[in-house]
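Student: I have a new structure open and would like to learn how to read it. Could you walk me through it with me?

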Amino acid sequence: GGGGGGYGGGGGNRGWEDKKGDVDRRTQDALDNTMRAAQEALMDSQEEWEYDPSVLEEGMRKELGEGFNEAEFTAAPYVPGMSKPRVYSSDVELLDNNRAMLMHIGGFVSDHEFDAVKLDTLKRHDDYKRLVTRERLKRGESPIQNDFLAERQSLADIVAGISPDNPLYDFAKKTVDKLDGNAGWSYAKKVQALQTLMRDSREYEA
């Protein structure tokens with residue numbers, strides 16, 4: 001019943017801790033040696049690896065940039081299964097519905113003056129939207145903003161002329177789904193692929 005027993009005495013515990021420490025050190029040394037050998041082999045290897053940091057960077061840029069734009073997502077007309085479709089006012093309705101406030105803030109003295117400025121503003125706004133759309137198309141981006149459902153529909157419309165009895169009909173529908181969810185391809189590249197599919201489908205039309 002003395003303190004020197006394996007369970008009751010402190011000496012037995014210290015012996016176990018010493019052995020445990022030796023095992024942990026040997027295990028860590030083995031891991032360190034394995035990692036060091038792997039790193040040296042990688043540095044000395046002349047093999048071409050499939051992993052390319054630039055490819056990963058480009059993919060992440062598109063995935064987190066173009067493919068996942070939080071502002072664009074929250075500004076979408078609606079998210080299926082999560083919200084109801086939103087109804088937006090036209091530019092003219094927006095100005096007319098806020099006419100009183102705008103006239104007060106802008107210091108307009110008559111409806112005629114406000115209407116003249118409104119027409120000029122709408123024209124300049126339309127010119128700006130056309131400029132933005134043109135620049136987006138030059139960069140291969142979608143001309144549609146803040147509406148990913150409309151963008152998807154724009155892709156589907158390209159192959160909408162393929163008839164149900166065409167052998168490429170089902171393939172075209174699946175292709176639209178795949179391309180719509182592919183953040184690695186630009187919008188222009190998706191359009192080009194679907195246009196090619198549409199041309200090929202004409203060979204099977206009656």
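Student: How many of the residues count as buried?

Tutor: Buried means under 20% relative accessible area, exposed means over 50%, and partly exposed lies in between (1.4 Å probe, protein chains only). Of the 206 residues in this protein, 18% count as buried. Please keep in mind that this is a predicted model, where local features need pLDDT of at least 70 and side-chain atom pairs count only at pLDDT 80 or more, while totals for chains, interfaces and linings use all residues. Residues are numbered from 1 along each chain as its sequence is written, and side-chain values use heavy atoms, with hydrogens and water left out.

Student: How do I read the packing of two helices?

Tutor: Two packed helices are described by the angle between their axes and the distance between the axes. The axes are lines fitted to C-alpha atoms, for helices over the stretch in contact, and angles run from 0 to 180 degrees between N-to-C directions. Angles under 35 degrees count as roughly parallel, over 145 as roughly antiparallel, 65 to 115 as roughly perpendicular and the rest as oblique. Take α8 (residues 169-180) and α9 (residues 187-201): their axes come within 11 Å and cross at roughly 175°. The two are therefore roughly antiparallel.

Student: What about α5 and α6?

Tutor: Helix α5 (residues 99-106) packs against helix α6 (residues 111-138) at about 95°, with axes 11 Å apart. That makes α5 roughly perpendicular to α6. With contact meaning heavy atoms within 4.5 Å, R99, L102 and M103 in α5 meet D111, F114, D115 and K118 in α6.

Student: And how should I read a salt bridge?

Tutor: Side chains of opposite charge can pair when their charged atoms come close. A salt bridge here is a side-chain nitrogen of Lys or Arg within 4 Å of a carboxyl oxygen of Asp or Glu. The structure holds 15 salt bridges. One of them joins K123 to D127, with the closest N and O atoms 3.2 Å apart. These two are four residues apart in helix α6, so about one helical turn separates them.

Student: Which parts does the R152 and D180 pair tie together?

Tutor: R152 and D180 form a salt bridge whose closest N and O atoms are 3.8 Å apart. R152 lies in helix α7 (residues 148-158) and D180 in helix α8, so the pair ties together parts 28 residues apart in sequence.
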